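Work through the exercises below with the structure open. Try each task before reading its solution.

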Amino acid sequence: KAVVSTQSTGCTPISCAEVEEPTEPMPEPQPEPEPEPEPEPVCVKKTPQICRHANKVYPGAQLSPKGYYDNINGYAACIALCQRTAGCKAIVFIPNPRIKRCYVKGEGYLPLADETKGRNPSSAEMSCLEECQ
């Protein structure tokens with residue numbers, strides 16, 4: 001019976017056993033996949049309340065034959081009227097208890113100004129409603 005000496009080589013019969021080389025070549029390392037692009041942010045349009053300027057007016061450039069419409073039931077209704085009116089770019093809503101008045105403004109209205117007549121108006125530009133929040 002043959003005795004295997006582990007003192008001279010420093011290995012056990014298992015660790016020194018010849019290991020067969022693999023017959024298939026090792027696969028090439030694959031490049032890391034490209035990271036997924038970040039999704040484009042979704043545009044959430046501004047609301048009429050975000051676009052509202054309290055106690056401010058846009059002077060000038062009134063549309064329609066007299067420049068305003070009476071008995072418009074609220075700021076949102078005034079905006080909707082402007083959106084249906086050709087050439088309307090801005091509104092000023094006057095919440096007078098007797099006659100709720102909506103001024104529709106065309107191209108060329110003046111910059112936002114302070115209200116000086118005590119009418120408590122709400123004003124908005126239609127372009128604001130197209131902007132993302």
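**Exercise 1. Give the strand order of the open sheet and find its edge strands.**

Solution. This is a predicted model. Start with the order: the 5 strands of the open sheet run E1-E7-E4-E5-E3. Their pairing is antiparallel. Next, look for strands that pair on one side only: these are E1 (53–54) and E3 (68–69), the edge strands. Now take the E3 edge. E3 and E5 run antiparallel and are joined by 2 bridges. Across this pair, Tyr-68 stands opposite Tyr-103 of E5.

**Exercise 2. Determine which elements supply the largest nonpolar core.**

Solution. The core has 16 residues. Begin with the members that touch the most others: Ile-79, Ile-91, Phe-93, Cys-102 and Val-104. Then assign elements. Helix H2 (75–84), strand E4 (90–95) and strand E5 (100–105) each give at least two residues. H2 provides the largest share, with 5.

**Exercise 3. List the contacts of Ile-79, leaving out residues up to four places away in sequence.**

Solution. Apply a heavy-atom cut-off of 4.5 Å. Ile-79 then touches Pro-48, Ile-91, Ala-124, Met-126 and Leu-129.

**Exercise 4. Describe the largest pocket by volume and lining.**

Solution. Volume comes first: about 160 Å³. The lining has 13 residues, and those closest to the pocket centre are Val-57, Pro-59, Glu-115, Lys-117 and Arg-119. Finally, sort the lining by class: 5 residues are nonpolar, 3 polar and 5 charged.

How values were computed: Residues numbered from 1 in each chain as written. Predicted model: local features only at pLDDT ≥ 70, side-chain atom pairs only at ≥ 80, totals over all residues. Heavy atoms only, no water. 1 Å grid on protein atoms, 1.4 Å probe; cavity = no way out; pocket = protein on both sides within 12 Å on 5 of 7 lines; lining within 4 Å. Points joined across faces, edges and corners; volume = space filled by probe spheres on them. Nonpolar A, V, L, I, M, F, W, Y, C, P; charged D, E, K, R; others polar. Core = buried A, V, L, I, M, F, W, Y, C linked by side-chain atoms within 4.5 Å. Buried < 20%, exposed > 50% of the residue type's maximum accessible area, 1.4 Å probe, protein only. Helix = DSSP H or I, 4+ residues; strand = E, 2+ residues; numbered from the N terminus. Pairing = 2+ DSSP bridges.
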